[in-house]
Amino acid sequence: MKRISTLLGGFLVLLLLGGCWKNASNEGDLRIVVLSPELAEIIASLDGVELMVGVTRECDYPPELAELAQVGNFGAVDMEKVLALKPDMVFTAGLEQEALAAELAKTGLRVHTFHPRKLDDLPNIIVEIGSLIQREKQAATVADSLRKGFAEMRSQTADLPKPKVYLEIYRDPLMSVSDESYVGEVIESAGGDNIFSVLERDYARISAEDVVKANPDIIICYSEVSLESILSRKGWQDIPAIQNKRIYFEKDIDPDLILRATPRALEGLRRLNRLFYP
Amino acid sequence: MKRNHLFAILLAFAGLLVVLLYLFGGGADGNIVLQLRLPRLILTVFTGMALAGIGSVYQLMLANPLAEPYILGISSGSAFGSILLGVLGFSLLMPLGGFIGATATLFLVWHLAQRKGSFDRSRLLIAGVIAGMFFSAGISLIMYLFQKDTMIILGTLMGNLGHVFTRSEWQFFLILAGLSLLIMVWLYFRSTALDIMSGGDVYAGSVGIDVARTRKEIFLLTSLLIGITVSYAGIIGFVGLIIPHVVRFFIPSGQKRVYPWSLAAGGIFLLFCDLIAKNIAAIELPVGVITAAVGCPFFIWLMLKK
């Protein structure tokens with residue numbers, strides 16, 4: 001018993017010391033916990049890496065984030081870990097994290113939710129985040145370069161013939177994206193024509209038949225299948241993308257560049273554009 | 001007109017109509033019909049046949065009108081095995097996982113159903129329900145741990161006939177489907193024995209049937225069949241429950257006649273449900289939802305009429 005209480009006491013002292021040390025080193029700075037990889041990227045691009053004290057497992061860019069404390073997964077955040085980090089602000093995404101944001105707000109934390117769904121919203125959101133974390137100048141620069149880049153890309157591709165693009169995000173069942181989705185807009189802005197303009201949801205089940213009927217010129221395949229397997233699909237043989245082997249995988253275009261709404265979107269647009277018009 | 005003739009004519013007519021609509025509905029070129037719709041039709045008909053056939057066999061063998069693979073937990077066990085291999089990245093091995101899951105569940109349920117050395121039918125159902133719950137919990141756990149594979153898991157839980165085949169997968173499927181057909185034929189030749197067994201183990205034993213062995217063989221081979229269907233089509237409920245009852249309504253006597261008609265009616269019924277699932281909404285619905293929605297009211301009507 002005595003030994004245990006000594007141990008506990010020692011542990012407590014260590015904890016206190018650790019806490020003081022941390023506070024001392026970060027005095028005056030904001031302490032931010034970021035639960036969405038998109039927002040972590042945006043904040044990092046505004047020289048905000050040192051402000052972040054906790055992230056979720058999916059926040060993997062820039063690589064420095066790996067050194068931060070992890071507070072769980074995107075869809076399964078450990079509230080206690082978030083609170084233990086004593087953040088001044090928490091940044092969350094929409095959708096699955098909406099309920100979580102409400103829970104966190106109940107504990108008295110300042111929670112900010114951002115969920116960029118359109119390319120043109122992205123610069124505005126970056127400016128907003130910049131003012132929240134006192135990085136206005138950096139935010140203005142990043143936002144301006146994005147606005148300029150998007151406009152340039154759109155004017156470049158406006159008059160070109162648009163190749164038909166099929167983006168496969170899941171194989172069993174087949175799923176793709178609509179023009180309403182963020183990545184759908186990215187494809188269109190990079191000069192492609194997404195074959196599923198309208199779907200029930202941004203990301204939805206589709207039928208193989210509709211893909212074959214649409215005759216895509218290019219397939220972007222994020223469904224973890226091999227080239228051989230997609231080339232030998234029954235009934236897909238007459239599709240131009242299959243015949244010309246214009247099929248691109250994660251290694252050809254990093255999904256994070258076009259699926260995440262971040263400052264890297266511009267790079268994503270340019271790479272897609274190069275795939276569409278080699 | 002006799003009831004069984006009426007049934008045969010109705011079934012043939014409905015079958016023809018459904019097949020034609022399924023293959024040529026909405027206008028499609030030859031490539032789509034041959035390469036996409038025909039494989040899906042074969043998968044669907046095969047699945048419906050297997051489910052209805054197994055249902056009719058189980059109901060007779062366990063002398064319980066509610067017996068079907070789903071109630072006995074075998075579907076869930078099979079889905080668990082198949083999903084587990086799927087999320088670990090061995091999608092081609094999913095039928096094997098399905099078979100192992102089905103056999104393991106059956107083995108477990110079988111042993112729980114033994115009492116004082118003999119086989120107890122009501123214990124079997126209880127054990128089945130418990131096993132089903134256990135594996136459902138396991139599937140929920142996998143779903144929680146592998147969030148990015150939620151869709152494949154949902155497809156397995158609610159039925160998904162829209163599997164995209166590559167050429168080698170299709171050949172593999174044809175081999176398994178051929179094997180399944182052999183099992184279905186083998187089950188047909190057990191019809192008389194099953195009829196006799198439904199009169200009680202003692203009676204069946206007295207006319208020279210090795211009851212324990214027949215039961216074991218049937219359970220083993222049907223779990224192989226369930227493993228194959230679950231890994232390609234997921235869990236589809238109600239077909240195995242309803243179709244044999246409907247068939248018995250028209251053809252009251254003799255497993256030797258009920259069984260083949262159940263196969264035919266099961267295949268056509270599932271094809272009909274898949275046709276609805278594909279076309280009723282802009283987005284394809286899970287076929288398990290349709291079999292329940294079509295099957296339940298029909299079953300209630302049949303019960304009230306009786």
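Figure 1. The expected span is taken as 1.5 Å times one less than the number of residues, while helices (H or I, at least four residues) and strands (E, at least two) are DSSP runs, numbered from the N terminus. This is a predicted model, in which local features need pLDDT of at least 70 and side-chain atom pairs count only at pLDDT 80 or more, whereas totals for chains, interfaces and linings use all residues. Residues are numbered from 1 along each chain as its sequence is written, and chains are lettered from A and ligands numbered from 1 in the order in which they are written. Within α13(B), the residues B:V287, B:G288, B:I290 and B:T291 are buried; a residue is buried if 20 or more other C-beta atoms lie within 10 Å of its own, exposed if 12 or fewer, and partly exposed in between, with C-beta atoms placed from the backbone. The cover over these buried residues includes α6 (150-158), α11 (239-250) and α12 (255-279) of chain B.

**Figure 2. Helices α3 and α5 of chain B.** Helix α3 (residues 74-87) and helix α5 (residues 121-145) of chain B pack at an angle of about 20 degrees, and their axes are 8 Å apart. Axes are lines fitted to C-alpha atoms, for helices over the stretch in contact, and angles run from 0 to 180 degrees between N-to-C directions. The angle makes α3(B) roughly parallel to α5(B), given that angles under 35 degrees count as roughly parallel, over 145 as roughly antiparallel, 65 to 115 as roughly perpendicular and the rest as oblique. The crossing of α3(B) and α5(B) is left-handed, a term used if the near helix is turned anticlockwise from the far one by less than a right angle, with right-handed used if clockwise. On the α3(B) side, the residues that meet α5(B) include B:F80, B:I83 and B:L84, and on the α5(B) side they include B:F135, B:I139 and B:I142; two residues are in contact if their C-beta atoms, placed from the backbone, lie within 7 Å. By class, the contact of α3(B) with α5(B) has nine nonpolar, five polar and no charged residues, where Ala, Val, Leu, Ile, Met, Phe, Trp, Tyr, Cys and Pro count as nonpolar, Asp, Glu, Lys and Arg as charged, and the others, Gly among them, as polar.

Figure 3. Helix α7(B) packs with α10(B) at an angle of about 145 degrees, with the axes 10 Å apart, and α7(B) passes α10(B) in a left-handed crossing. The contact is made by B:F173, B:L176, B:S180, B:I183 and B:W186 of α7(B) and B:L221, B:L224, B:L225, B:I228 and B:Y232 of α10(B), which divide into nine nonpolar, one polar and no charged.

**Figure 4. The contact between chains B and A.** This contact takes 22 residues from chain B and 20 residues from chain A. On the side of chain B that touches chain A, α2 (30-61), α6 and α7 (167-188) of chain B each supply at least two residues, and the largest share, five residues, comes from α2(B). By class, that side of chain B has eleven nonpolar, nine polar and two charged residues.

**Figure 5. Helix α7 of chain A.** Six of the eight residues of helix α7 (residues 182-189) of chain A are buried, so this helix is largely enclosed by the rest of the structure. The buried residues of α7(A) are A:Y182, A:V183, A:G184, A:E185, A:V186 and A:I187, and what covers them includes β6 (164-168), β7 (175-177) and α12 (265-276) of chain A. After α7(A) comes A:G191, whose phi is positive, near 100 degrees.
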